[in-house]
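Hi,

Here is the structure I promised to pass on.

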Amino acid sequence: QVQLIESGGGLVQPGDSLRLSCKVSGRTLNFYGVGWFRQAPGKEREFVAAITQSAVRTYYADSAKGRFTISRDNTKNTVNLQMNSLKPEDTAVYYCAATRSFGYDRSDYATEVFYHYWGQGTQVTVSS
């Protein structure tokens, strides 16, 4: 059974940084592509970033480009999301998800149904 546990969320001010981590247990991370999604109050869950199994490719939502960086450390079974220059509109619950599938391009990794396992989420609040 694969389990994903997110950590690193919190309350920060606009312009601050946070690093979210997604710890994968139950199977080695090598087999999985991993994505980050977020859901703001009253809104649908949306794609943020993803990294392929080999880490050769990364994908970002337009809102995350230039500010967020996704990376993976297979030796620690962890995927990180470094978030810089945070804005109030980044406030949301952030979820990581893992997929056994190999996607063709960004459209695959940005789609929720592409993922097989989900974490419980971690709250990120950006407010002055």
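Arg 67 and Asp 90 meet through their side chains in a salt bridge, with N and O 2.8 Å apart. Arg 67 sits in the loop between β6 (58–60) and β7, while Asp 90 is in the loop between β8 and β9, so this pair ties together parts 23 residues apart in sequence. Bear in mind that this is a predicted model.

Asp 90 also forms a salt bridge with Arg 38, where the closest N and O atoms are 2.9 Å apart. That one links distant parts of the chain: Arg 38 belongs to strand β4 (residues 33–39), 52 residues away from Asp 90. Shared partners join Arg 38, Glu 46, Arg 67 and Asp 90 into one network of salt bridges.

How buried are these residues? Asp 90 has 0% relative accessibility, so it counts as buried. Arg 38 is buried too, at 6%, and Arg 67 is buried with a relative accessible area of 11%.

The count of salt bridges comes to five. Another of them joins the side chains of Asp 62 and Lys 65, at 3.4 Å from N to O; here Asp 62 and Lys 65 are both exposed.

On to the sheet. Four strands make an open sheet in the order β1-β3-β8-β7, with antiparallel pairing. β1 (3–7) and β7 (68–73) are the edge strands, each pairing on one side only. From one strand to the next, the twist averages 15 degrees. β7 pairs with β8 (residues 78–83) in the antiparallel sense over six bridges, and Ser 71 has Asn 80 in β8 as its bridge partner.

Cheers

Technical notes: Residues numbered from 1 in each chain as written. Predicted model: local features only at pLDDT ≥ 70, side-chain atom pairs only at ≥ 80, totals over all residues. Heavy atoms only, no water. Pairing = 2+ DSSP bridges. Helix = DSSP H or I, 4+ residues; strand = E, 2+ residues; numbered from the N terminus. Axes fitted to C-alpha atoms, helices over the stretch in contact; angles between N-to-C directions. Salt bridge = Lys/Arg side-chain N within 4 Å of Asp/Glu carboxyl O. Buried < 20%, exposed > 50% of the residue type's maximum accessible area, 1.4 Å probe, protein only.
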